[in-house]
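Please look at the sequence and the 3D structure below before reading on. The briefing that follows is grouped by topic.

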Amino acid sequence: MRRKISLKPITLLLLLVTFVSFGKEQEGHGEQKTDQKTEIKEYIQHHLQDSYDFSLFSYTTETGEHKHFGFPLPVILWDNGLKVFSSSKFHHGETVAEVDGSFYKVHHSKIYKVDGADGQIIEDDHHHATNEKPLDFSITKNVTMIMMVFLIMFFMFKRMASAYKKNGGMPKGMGRFLEPIVLYVRDEIAIPNIGKKHYKRYMSYLLTVFFFVWIVNLFGLTPIGMNVTNNIAVTFCLAIITYLITTFSGNKNYWKHIFWMPGVPVPMKIILAPIELLGTFIKPFALMIRLYANITAGHIVLMSIIGMMFVFNNWLGSSLSFLLAFVLGILELLVAALQAYIFTVLSALYFGMAVEEHDHH
Amino acid sequence: MEELLGGFSLGLFFWQAVLFVALILLLKKFAWKPILDSVNDREEGIKNALDSAEKAKLEMENLQADNQKLLKEARAERETMLKEARDIKNKMIEDAKGEAQEQANKLIQQAQAAIESEKKAAMAELKNHVAGLSLDIAEKVVRDELSNKDKQLKLVETMLGEKSLTEA
């Protein structure tokens, strides 16, 4: 019985999303019908970018009308004062929104300030918009998903923790599935890389980052169509936290190995110092790029192959594309877990380097 | 690189940072700490239980060894006690035998002595009796002989005759 109840929050959430999305069917204005390949390419481009409304899917009717299924999200701007309004004002980026006498327009998934109700984005020679950009703290689609994952993780693990208390130290329900993973992170990732003495301090971060990246990656594979980890801002944030923890927990030995490498001649020490210092930045930078690139590439390839089904439009090519997409989808499931694992292992490894005490050299 | 920087959204970074750090702190307090503590406690409990089981097993073994030793000792003690008893029995029999022998010997000796003295007394009486008898007989014979003069004279004559012949 309890197992059914524990699934309820997620089911409810999904149901809510579905209801809201169908209730808010919105009509877009007609647009020129582009040819299929360009449309697919644009669709992929669009999918990879963040958006100001939570669109689940959209299609073009026979009459060339754009129909969107989804719901609008709040836009929060700082432009001479806080400005909060619904993203429905943009009409999926097709119109200019007027808020307190200022006009804003969405261009390539970014909000720019324009002159008036029919103001245009002015582009320079490199197709970069030159309009003024207000500080943008909007609750975009990705932020919504981060919040959802935040709530899911918080209630899932809180529930798991309280089950231990009620059950006399034994896991129950979802905890039975999650406990081996928690123990795996502790016994196979944290302890071997950081060491028995210090690992406890880093467990909270390692567990949180592992489950966060994993769950977010898995959500990216659902047809809801969001992918948080293919935003450089998200992976940058994760990487910088790893960098900050590493830097602030670095002991004397760690800094000595960076600035005055023991066991090598003095000229080498001088050469090595900047390289080692650069290395401390490159490590989290690689973390950031690895996660971002893997997830982005996975999404591009998967969506391109799905798009090929429509491009081929014959039984052989389309079914082959389907098969390929299916296999790749399974591979992406693996990648979702693998990237979470790699991010956690490497973070643990860097923490381990920072707190290492004995001298090998 | 330009695309990477162009794709960077400050708002998303801000929300991710705020939410993620909050998530770490909240989960640390409400989930990771209780979960890891429970797991640790459980592991510790299992380890302790295993240890004490091992200890109990060792104790059992010790106890069994002790029992074995006690049994062995008891057996040896019984053996020696039996042996002692047997020795005592033998000695008692031996002693009794000796004493009985001695007693018997003494009795025999006494009997012998008694017999000897009785015998002596009987002999003495017999001697006296015989002496009296002999005197009586001799008296009677002598009286009888002496009453018959002729016969006596004849006898003396014979005796004298023989004597002279032999001496001649």
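Along the sequence, chain B reads α-α-α. Chain B contains three helices and zero strands, where helices (H or I, at least four residues) and strands (E, at least two) are DSSP runs numbered from the N terminus. The model is predicted, so local features need pLDDT of at least 70 and side-chain atom pairs count only at pLDDT 80 or more, while totals for chains, interfaces and linings use all residues. Residues are numbered from 1 along each chain as its sequence is written, and chains are lettered from A and ligands numbered from 1 in the order in which they are written.

**Shape of chain B**

- The C-alpha trace of chain B spans about 205 × 35 × 15 Å along its principal axes.
- Chain B has a radius of gyration of 67 Å, whereas a compact globule of 168 residues would have one near 15 Å. This radius is taken over C-alpha atoms, and the globule rule is 2.2 Å times the number of residues to the power 0.38.

**Where chain B touches chain A**

- In the contact between the chains, 29 residues of chain B meet 33 residues of chain A. Two residues are in contact if their C-beta atoms, placed from the backbone, lie within 7 Å.
- Helix H2 (residues 10-147) of chain B supplies 25 residues, the largest share of the side of chain B that touches chain A.
- That side of chain B has 21 nonpolar, five polar and three charged residues. Here Ala, Val, Leu, Ile, Met, Phe, Trp, Tyr, Cys and Pro count as nonpolar, Asp, Glu, Lys and Arg as charged, and the others, Gly among them, as polar.

**Helix packing in chain A**

- Two packed helices are described by the angle between their axes and the distance between the axes.
- Helix H6 (residues 232-249) of chain A and helix H9 (residues 315-355) of chain A have axes that come within 8 Å and cross at roughly 20°. Axes are lines fitted to C-alpha atoms, for helices over the stretch in contact, and angles run from 0 to 180 degrees between N-to-C directions.
- H6(A) and H9(A) are therefore roughly parallel to each other. Angles under 35 degrees count as roughly parallel, over 145 as roughly antiparallel, 65 to 115 as roughly perpendicular and the rest as oblique.
- On the H6(A) side, the contact residues include Leu238(A), Thr242(A) and Ile245(A); on the H9(A) side they include Phe343(A), Ser347(A) and Tyr350(A).
- The contact of H6(A) with H9(A) has seven nonpolar, four polar and no charged residues.
- The axes of helix H8 (residues 266-312) of chain A and H9(A) come within 9 Å and cross at roughly 170°. That makes H8(A) roughly antiparallel to H9(A).
- The contact of H8(A) with H9(A) has 19 nonpolar, seven polar and three charged residues.

**Strands in chain A**

- Strand E2 (residues 53-60) and strand E3 (residues 66-72) of chain A pair in the antiparallel sense over seven bridges. Two strands pair if DSSP finds at least two bridges between them.
- E2(A) and E3(A) form a hairpin with five residues between them, and Gly64(A) in the turn has a positive phi of about 85°.
- Tyr59(A) has Lys67(A) as its bridge partner in E3(A), and Ser55(A) stands opposite Gly70(A) in E3(A).
- An open sheet of three strands in chain A has the order E6-E7-E8, with antiparallel pairing.
- Strand E6 (97-99) and strand E8 (110-114) of chain A are the edge strands, each pairing on one side only.
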